[in-house]
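Please open the model in a viewer and keep the selection panel at hand.

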Amino acid sequence: MEAGSSEADLATYGGHKREKGKLVILPRIRDPRFITVRRGGILQDDDHRLLAMWAADCAEHVLHHFEQARPTDDRPRRAIDLGRAWARGKMTWGEARTAAGHANAAARDLTGAARNAAYAAGQAAAVGHVAAHELGAAAYAIRAAWAAATEDDRVEAGRLECQWQRAQIPHEIRELVLDDQRLRNELCWFAFDC
């Protein structure tokens, strides 16, 4: 909790907390289905890698919003590529996580679709470190699609992005992802803050 905040500043939504209006995507008590077996959870390595690939697909789908704003900055694209490289066993999660930080840095002075697209890339690269970042990649991608649309078309643009993402989920992890209460019940809330 931030200094100066009180219990009145916190609201709970579907098991996730909001602090001073900001949603905490990764709850303190994490779902064991998204924790690897090596860390005491039940997530198998193959499924973890598929989550990373799906998150990278979600981020790449909206990356053009960032690249239009900053055509010479390759940090978000590199983060997506390194997240995929981790999923293929070509590098450590630490290297991909470092790239995630660089993608997030690329977002800092931007707004709207470009910023959200860079954050989606950062989240996708971090999946190797914490599998639950797959939700962050998907949510920021939806926010990017929403922000890129006209005011009248934003909700529909977000819904279409969410539908596209769901269609991309590999069949091996489809049940895991769609059973995830965070995604099924709250993804649009994360993305649209409505």
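With the whole chain selected, consider contacts (heavy atoms within 4.5 Å): residues 24 or more positions apart account for 61% of those with a separation of 6 or more. The model is a predicted one, in which local features need pLDDT of at least 70 and side-chain atom pairs count only at pLDDT 80 or more, while totals for chains, interfaces and linings use all residues. Residues are numbered from 1 along each chain as its sequence is written, and side-chain values use heavy atoms, with hydrogens and water left out.

Next, colour by secondary structure. Eight helices and three strands make up the assignment, with helices (H or I, at least four residues) and strands (E, at least two) taken as DSSP runs numbered from the N terminus. Their order along the sequence is β-β-β-α-α-α-α-α-α-α-α. Colouring by accessibility shows that 46% of the 194 residues count as buried, that is, under 20% relative accessible area, where exposed is over 50% and partly exposed lies in between (1.4 Å probe, protein chains only).

Select residues 45-69, helix H1. Its 25 residues reach 36 Å from first C-alpha to last, close to the 36 Å expected at 1.5 Å a residue; the expected span is 1.5 Å times one less than the number of residues. Where does H1 bend? The bend, about 45°, is at Val 62, taken as the angle between axes fitted to the seven residues ending there and the seven starting there. Val 62 is also among the buried residues of H1, which include Trp 54, Cys 58 and Phe 66.

Now display H3 (residues 93-107) with H4 (residues 112-125). Their axes come within 7 Å and cross at roughly 170°; axes are lines fitted to C-alpha atoms, for helices over the stretch in contact, and angles run from 0 to 180 degrees between N-to-C directions. H3 is therefore roughly antiparallel to H4, a term for angles over 145 degrees. Among the residues making the contact are Ala 96, Arg 97 and Asn 104 of H3 and Arg 115, Tyr 119 and Gly 122 of H4.

Finally, select H5, residues 133-148. H5 has 16 residues and spans 23 Å between its end C-alpha atoms, close to the expected 22 Å. Its buried residues include His 133, Glu 134 and Ile 142. Centre on Ile 142, which counts as buried because its relative accessibility is 0%. From its C-alpha atom to that of Arg 154, twelve residues apart along the chain, the separation is 9.9 Å.

Notes: Parallel < 35°, antiparallel > 145°, perpendicular 65-115°, else oblique.
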